[in-house]
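Here is a short report for a first look. Keep the sequence and the 3D view side by side as you read.

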Amino acid sequence: MCAKAARGADAASLKRSLERRGLTMLRPGKVLPIAPEHASVAGCTRAPVTLTVYACARCPFCAKILPELYREATGGRLAGRVALQLKAFPIKSHKDSTEANQALQTAIDLGRGWEFLLTLYAKFDAFTPDRIPGLVIEAGLDKAAFADATAQDSVRDHLIASKKEGLRNGVEATPTFFLNGRAFLADLD
């Protein structure tokens, strides 16, 4: 809020932001079920706070905010305080979403979801599905193991399960955040 005020936001805008942020805290009993299976976790896995993000591998907003959030959770102000849990949530309207999110889910299943996603986001504007093998290697995944895992029906099943879970929890867009299972409704700027 201080940063918004410093940038010259008007009183009405600041009030709307505070009201929206307050909605998160007004629903303390509304903890939604978020399965830790088939997710990628960064930061402190034993932290008192789990910040879950449903993200699309081809979302331009995710590509901007998630690398910064990852840095904070793994070595910045949130280090040791937050477990940052990544769940794939493909958005049809994002170009090449199906291929990118299947690759992301494969990386998640192989234990390198964040590494793959950050690599993909670093080359966001140049992404095409035929670049996935290079991204796999760059993210530190074994190319043969990735190809084997991609061929398994379980990857698709895990991706569908992640999307369905997000839909049940009210996810409509990406990124969508949950703090210890409660929807985070503040402005994402």
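## Arginine 182

Does arginine 182 count as buried, partly exposed or exposed? Arginine 182 counts as partly exposed, because its relative accessibility is 21%. The classes are set by relative accessible area: buried is under 20%, exposed is over 50%, and partly exposed is in between (1.4 Å probe, protein chains only).

Arginine 182 belongs to strand 5, residues 182-183. Strands (E, at least two residues) and helices (H or I, at least four) are DSSP runs, numbered from the N terminus. Valine 31 is 151 residues apart from arginine 182 along the chain, yet their C-alpha atoms are separated by 5.0 Å.

## Basis of the model

This is a predicted model: local features need pLDDT of at least 70, side-chain atom pairs count only at pLDDT 80 or more, and totals for chains, interfaces and linings use all residues. Residues are numbered from 1 along each chain as its sequence is written, and side-chain values use heavy atoms, with hydrogens and water left out.

## Glutamine 105

Glutamine 105 sits in helix 4, which spans residues 97-109. Glutamine 105 counts as buried, because its relative accessibility is 0%.

Which residues does glutamine 105 touch? Leaving aside residues up to four places away in sequence, the contacts are His38, Ala88, Val155, His158, Leu159 and Ser162. A contact means heavy atoms within 4.5 Å.

## Cysteines

A disulfide is a pair of cysteine sulfur atoms within 2.5 Å. By this rule, the model has zero disulfides. Cysteine 62 is in no disulfide: the nearest cysteine sulfur belongs to cysteine 59, 3.5 Å away.

Cysteine 62 is buried, at 0% relative accessibility. Cysteine 44 is partly exposed, with a relative accessible area of 22%.
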